[in-house]
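Could you walk me through this model in my viewer, one selection at a time? I would like to know what to pick next and what I will find there.

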Amino acid sequence: MTKSIFQEGAISPLQIAKAIEKHSTKLMIGAHDIFLGQVRSDQIDEKNVVAIEYSANPMFADKVMQNIREETFEKYRITCMHVHHSLGRVSAGEICLFVFVSAAHRHTAFEATRYLVERIKKELPVWGKELFMDESYQWKTNTL
């Protein structure tokens, strides 16, 4: 059984720091690459986004993520991969996606992280409801 990538609420800076710290004893790693997805306060129709409320079917989405994970490990010579995605409300300025890839060499870590993030954004069945100050909302669409 695979551990779920989902957690309720924002991803804290402390959680990110602890993930980095745990890898200091893995001496065959020469590079880490980290992607942090942060909720933007986009202006839409003269209203600013104050938060995004993320939803998913975690059991199904974790299966999709497992396939992405396996294919990434097949394609790149990476040592470690960690993905954390928020569910529920995440305020503008907070972290909602944390991707952490380790490899022996930096180019591999860079390429694998980009590949992984693009696959997550394109394929992972997670929906975001952009919330506005006046309590109205719209469903978010991913952009490049």
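Here is a short tour of a predicted model, with a helix pair to visit and then a pocket.

Start by selecting helix 2 (58-75) together with helix 3 (residues 106-123). Their axes come within 10 Å and cross at roughly 155°. An angle over 145 degrees counts as roughly antiparallel, so helix 2 is roughly antiparallel to helix 3. Turn the view to follow the crossing, which is right-handed.

Next, show the side chains where the two helices touch. From helix 2, pick Val 64, Met 65, Ile 68, Glu 71, Thr 72 and Lys 75. Their partners in helix 3 are Ala 112, Tyr 115, Leu 116, Arg 119, Ile 120 and Glu 123. Colour this contact by residue class and you will find seven nonpolar, one polar and four charged residues.

Now move to the second largest pocket, which holds about 420 Å³ of space. Centre on Lys 3, Met 81, His 82, Val 83 and His 84, the closest to its centre among 18 lining residues. Then highlight helix 1 (13-22), helix 2 and strand 5 (78-91), each of which gives two or more residues to the lining. By class, that lining has six nonpolar, seven polar and five charged residues.

Methods
Residues numbered from 1 in each chain as written. Predicted model: local features only at pLDDT ≥ 70, side-chain atom pairs only at ≥ 80, totals over all residues. Heavy atoms only, no water. 1 Å grid on protein atoms, 1.4 Å probe; cavity = no way out; pocket = protein on both sides within 12 Å on 5 of 7 lines; lining within 4 Å. Points joined across faces, edges and corners; volume = space filled by probe spheres on them. Helix = DSSP H or I, 4+ residues; strand = E, 2+ residues; numbered from the N terminus. Nonpolar A, V, L, I, M, F, W, Y, C, P; charged D, E, K, R; others polar. Axes fitted to C-alpha atoms, helices over the stretch in contact; angles between N-to-C directions. Parallel < 35°, antiparallel > 145°, perpendicular 65-115°, else oblique. Left-handed = near helix turned anticlockwise from the far one by under 90°. Contact = heavy atoms within 4.5 Å.
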